[in-house]
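Please look at the sequence and the structure shown here before reading on. The notes after them are meant to be read slowly, with the structure in view.

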Amino acid sequence: MNAYIATCRDWPQGNAGLQALAAALRATLAPWQDIRPAALAAQPSPATVLPLAAWDYSETPDAFRDWLRALQAAGARVFNPPALQLWNMDKRYLCELAARGLPVTPSLALLPQHAPDWARRVAECGWPRPVVKPLIGQSGRGVRRLAEGEAPALASYPQGALLQPFVQASFGEVCLIYLAGRYSHAARRRLAPGEWRANSAYGAQIESVTPRPEWLACAEAALRCLPEPPLYARVDGLISEGGSGESGFSINEVELIEPALYPQLRPAFARELAAALASRLAS
């Protein structure tokens, strides 16, 4: 199989988990900027490309969009499919899922062309000190709580922002990983002391967790609402109400581009991903 796992310039060889996946897939690790669609088109067999470590795409989203479309035009097999990744890049997808009746953390999109109205919209939402994050963003960058009476600035969120109420979730965040629509394993991102952001950049610790059936039901309902079936997916949810882990699951993200899939929590994961990919390629 002529396969590539797309990485980024800062981490061209990914991490240990990505290297294990690359070995299982017999894939080459290379920054997405260096995987040239024209060169792939000239190869004798179609290439397979997974952007599992394109950890900088949000810095140049237009270039990443053009790259995905060029890969498709060159005949490459891209997973997840480009149309699904393009839909997932913009966090307004959460508003779409909420409109379908899914239990999504309430979300309000602030678009650049409406920047003069941002302060009014923040005030009208009535959420005390809400959370703001880039509309196109990764790895917790730009995620913070607004001060009372504050509105985000367009200069800080030039591609737009997503506003959400602050959810007290001392249990942390639960990440449910799926392969070809089937549940694989789950991770809990335990919050660092004094921190509310469930991301490794803010000291969150990763540990295995056994998901409750209602969490899985929420995640699988979300997967059924996607524009097309993904090869891999990670559904992140906040567990609120006292941190016991026995409360509802509020969907905070559906990651379909370059999510950490925590293969270290499931020894068979690399082999299972290779089998799922082979099945997709054969269909």
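This is a predicted model: local features need pLDDT of at least 70, side-chain atom pairs count only at pLDDT 80 or more; totals for chains, interfaces and linings use all residues.

Residues are numbered from 1 along each chain as its sequence is written, and side-chain values use heavy atoms, with hydrogens and water left out. Helices (H or I, at least four residues) and strands (E, at least two) are DSSP runs, numbered from the N terminus.

- An open sheet is formed by 5 strands in the order 11-10-9-12-13, with antiparallel pairing, where two strands pair if DSSP finds at least two bridges between them.
- Strand 11 (205–208) and strand 13 are the edge strands, each of which pairs on one side only.
- On average, neighbouring strands of this sheet are turned by 30 degrees against each other, direction ignored; axes are lines fitted to C-alpha atoms, for helices over the stretch in contact, and angles run from 0 to 180 degrees between N-to-C directions.

**Strand 12 and its partners**
- Strand 12 (residues 232–239) is largely enclosed by the rest of the structure, because 8 of its 8 residues are buried, where buried means under 20% relative accessible area, exposed over 50% and partly exposed in between (1.4 Å probe, protein chains only).
- Strand 12 pairs with strand 9 (residues 173–179) in the antiparallel sense over 7 bridges, and Leu-179 stands opposite Tyr-232.
- Strand 12 also pairs with strand 13 (residues 249–255), again antiparallel, over 6 bridges; Val-235 has Val-254 as its bridge partner there, and Asp-236 stands opposite Glu-253.

**Helices**
- Helix 7 packs on the sheet and touches strand 9, strand 10, strand 12 and strand 13, its direction making about 55 degrees with that of strand 9.
- Helix 8 (residues 269–282) lies across strand 9 and strand 10 and runs at about 45 degrees to strand 9.
- Helix 4 (residues 82–89) has 6 of its 8 residues buried, so it is largely enclosed by the rest of the structure; its buried residues include Leu-84 and Trp-87.

**Two single residues**
- Ala-221 belongs to helix 7 (residues 213–224) and is buried, with a relative accessible area of 17%.

Methods
Contact means heavy atoms within 4.5 Å.
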